[in-house]
Amino acid sequence: MELIRTGKAGTLESSDVLISVRTNPENTVEIKLKSIVEKRFGTHIRELVQHILKEMQVSSAIVDVDDRSALDCVIRARLQTALYRAAGIQKYPWEELQ
Amino acid sequence: MKLRRTMLYVPGNNPNMVKDAHIYRSDSVMFDLEDSVSVREKDSARFLIFHALRCIDYEHTETVVRINGLDTPFGRDDVEAMVRARPDIIRLPKTEKPEDIELIDELITKVEKKSGVEVGSIKLFAAIESARGVVNAYRIASSSERLVGIAFGAEDFVTNLHTHRSKPGTELFTARQEILLAARAAGLHAVDTVFSDITDDEGFREEVQLIKNMGYDGKSVINPRQVGIVHSIYMPSVQEIKTARKIIRAIERAEAEGSGVVAVDGKMIDKPVVDRSRHTLELARASGIYLDEIEEEESNA
Amino acid sequence: MIFCFALSLGADRVTIEKTMSIYDFEFNSVQLDLFSERRLVENFLSTRQLKLDPDVEYTCVLKTGGKIVGTGSLAGNVLKCIAVDAAYQGETLTNKIVTELELEAYHRGIEHLFLFTKSENRTVFQSLGFGLVASAGTLTAGTPAGGNTSAGAAETAGVVLLEKPEGQIDLWLKEPAASASCRGEGADLATTGPAADSAAPGPSTALVMNCNPFTLGHRYLVEQAALRAARQPSRQGEVPGGLRGDPTPGETPGEEGHVVHLFVVSAERSLFPEDVRFRLVQQGTEDLKNVIVHHGGPYIISGATFPSYFLRDSKEVTTAHARLDLQIFGEKIAPALNIRRRMVGEEPYCPVTAAYNREMQHILPHYGIEVEEIPRLLHGGAAISASKVRELIREEKWEEIEHLVPASTWNYLTSAEATAVIERIRREKRRH
């Protein structure tokens, strides 16, 4: 998946996460995490984000994550939304999203 | 016996509300992808509900998703996503004619097949929100096997009628009746519209009492406070419970003995009465009434 | 629609407190062209000594029981006119409003946001990811800066400008892409920023102008600045027009450098589009080897830093805004380029600019920046100004215009490219 603009989704309200993704000129994946549960879940959140990026075949991105105690499924949802927005994709490959 | 006394509206783009929706103990929660989500956030809400349904255990609460109509740019994607997320029910807004239901039924079947979901497992609710819908109520109600209920949406309805909602609700009377009749004739549930003034408890109670008397199975609610109120109004009286128990016991005895006609207190018991008794007992259970205690009371009497 | 907030759980039943789950709040966007809706927001804001700025493009409100308890607006890339009723979980409401505005801005393609608010609200917004750009409080005791306190209070509420993502201003100062347009032999600095040189730049002069469009009056001012700067002895080994040069240890303070940094106001709020204004400035100053033309960017007289320039604000508000803009200039921009002097044309016409210039004279010296006012070039007894040119355009007095603008500007005005802009000027009655 190729990112053509900045994709942003989510909010800073409690239990949500604000995620912003954009291309990385360095062609790697860089995750910037800010979380109120950093100590406990920081590693987990980073791994989750890495995993989802891999699933969605994104190898170059700068991902800004401002987490407000979101559940994994919320992080997934927001990241996925941000990625599709960044890629300008509006036709979703539902079959692949099982 | 499924109870649908309360269907709690949850805006589909709000994780805080979505993740805890079931803690208010409504019979159903309705995740909304339609009116409470702005156009530019439809994709966001869709993914949120998609993932929430797949990951969060809503326990005994029935899950409903109100999708966008198929005439909008979002409807189809909503169905593609939601079928794969497997809510109990998909609710179609602004249903006007049976063809609307047929169309979505077909689409759901298609996606069920594509995605390996058991065909027919996802049910439908039709929301009727216009004059046309009301006039077509019975035809809508009988248009699909998937349909399990009809909901009435008064806000859009009164706009369609060129009037507004009033306290006595006269303008809604016929629509309410029609929808209820259609539902009963087709063997479906009927759920009444939302009451938006959350500060008017008195008015809310009156309305709930009214629709309960009419025969409605329940009401759409927009605030957790309303859930408790509806449940207490739908709670059967002790007398109703006793009568119901009597009837069910008589039926059970008759079945065990293999006898045909059953009479209780001199009156013949037919199927509608049995169904209603079962419903009453279900309501009792849901209201937290311990039926054993009532039985004890009876035997001591 | 109604929104929710999870509440306390007691035993296996939920205790719903009488006050306030977000289920009790209703969130709407406001139809700004409906007087009645606008009025409601204005009334709410006025109870907090705020007003709904006319340049606002999107407004949202939070209500409960039909009453407004919070509001926020978006004007271009600036979040402002934000207020919440403190009686209701202020921070949560603020969060909801800002979050909504941020999403709205995102959907409008805006990625760099500014937020303008009272100093006392700073921490709330910082927790929402906004970083400080500048804060303007009272500079002298007894002078209110926020426009919303009683006169004479010594420690009054100031205003702050925040941005998101944080730290953009520092990045901008390092390399604003392609913002420098440079002339000079041997110097290919087309894509370098104002502070590209790793060695400390020599002391320089700054000019900030809108140039709507570039006139002979502007030309005169730039010429004066360039002349005065060029007259100063250049440092050893320095190439005229370039920024490179051996840093001179122990250089005496007050020694003038010879570079003029000309910042063209970037905000797209003027009748002449930004790219045109910039181009005309470049063309009109091409021959001045020691003048470097820059895009003002979001930090110099922009909708964020000095909105009063574009709006009709009260005197107090204008003053507060001016201070903010000048503080950014003095604290961040000037040091990065070693600006020691700012030159400005006398302002006979525009009261907002005049007020700004006055503030400049108070504030910039605190940062070691000398402010020099230059009398305007006259034509027929009146100062040549861009507003005069626009007026003449409206009146179609072309022969007169030709006397007021340089050839480069004249060529543009009479070209096919300018027809749309000329039409707009004729149609619209605007300050800018």
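Predicted model: local features only at pLDDT ≥ 70, side-chain atom pairs only at ≥ 80, totals over all residues.

Trainee: What pattern does chain A follow along the sequence?

Mentor: To read a fold, walk along the chain and note each helix and strand. Chain A has two helices and four strands, and their order along the sequence is β-β-β-α-β-α.

Trainee: What radius of gyration does chain A have, and what would a compact globule have?

Mentor: A compact globule with 98 residues would have a radius of gyration near 13 Å, and chain A has 13 Å, so the two agree. Along its principal axes, the C-alpha trace of chain A spans about 35 × 30 × 20 Å.

Trainee: Now chain B. How many residues of helix H3 of chain B are buried?

Mentor: Ten of the eleven residues of H3(B), which covers residues 75-85, are buried, so this helix is largely enclosed by the rest of the structure. Among them are Gly75(B), Val79(B), Met82(B) and Ala85(B), and charged residues such as Asp77(B), Glu80(B) and Arg84(B) are on the buried list too.

Trainee: What do the buried residues of H3(B) pack against?

Mentor: Their packing partners in chain B are helix H2 (42-55), strand S3 (62-66), strand S4 (89-92) and helix H4 (98-115). Just after H3(B), look at the backbone of Arg86(B), which takes a positive phi of about 55 degrees.

Trainee: How many residues of chain B are in contact with chain A?

Mentor: For an interface, count the residues on each side, then ask which elements supply them. Here 19 residues of chain B are in contact with 19 residues of chain A. On the chain B side, helix H1 (15-20), H2, H3 and H4 each supply at least two residues. The largest share, nine residues, comes from H2(B). By class, this side of chain B has eight nonpolar, four polar and seven charged residues.

Trainee: And how many residues of chain C and chain A take part in their contact?

Mentor: That contact takes seven residues from chain C and six from chain A. The chain C side divides into two nonpolar, three polar and two charged residues.

Trainee: Which domains does the assignment give for chain B?

Mentor: It gives domain 1 (6-233) and domain 2 (238-300). The C-alpha centres of these two domains of chain B lie 32 Å apart.

Trainee: How is chain C divided?

Mentor: Chain C has domain 1 (2-170) and domain 2 (177-427). Between them, 21 residues of domain 1 are in contact with 18 residues of domain 2. On the domain 1 side, strand S8 (113-118), strand S9 (131-136) and strand S10 (159-164) of chain C are the elements that give two or more residues. The largest share, three residues, comes from S9(C). That side has 14 nonpolar, five polar and two charged residues.

Trainee: Which residues touch the most other members of the largest nonpolar core?

Mentor: First the general idea: in soluble globular proteins, nonpolar side chains tend to be buried together. The largest core here has 100 residues, and those touching the most other members include Leu79(C), Phe114(C), Leu161(C) and Val264(C). Helix H7 (residues 315-337) of chain C gives the largest share, ten residues. Both domains of chain C give residues to this core, so it lies between them. Take Val264(C): leaving aside neighbours within four places in sequence, its contacts include Met209(C), Phe278(C) and Val293(C).

Notes:
Residues numbered from 1 in each chain as written. Chains lettered and ligands numbered in written order. Buried ≥ 20, exposed ≤ 12 C-beta atoms within 10 Å, placed from the backbone. Contact = placed C-beta atoms within 7 Å. Domains from an automatic or database assignment. Core = buried A, V, L, I, M, F, W, Y, C linked by C-beta atoms within 7 Å. Rg over C-alpha atoms; globule rule 2.2 N^0.38 Å.
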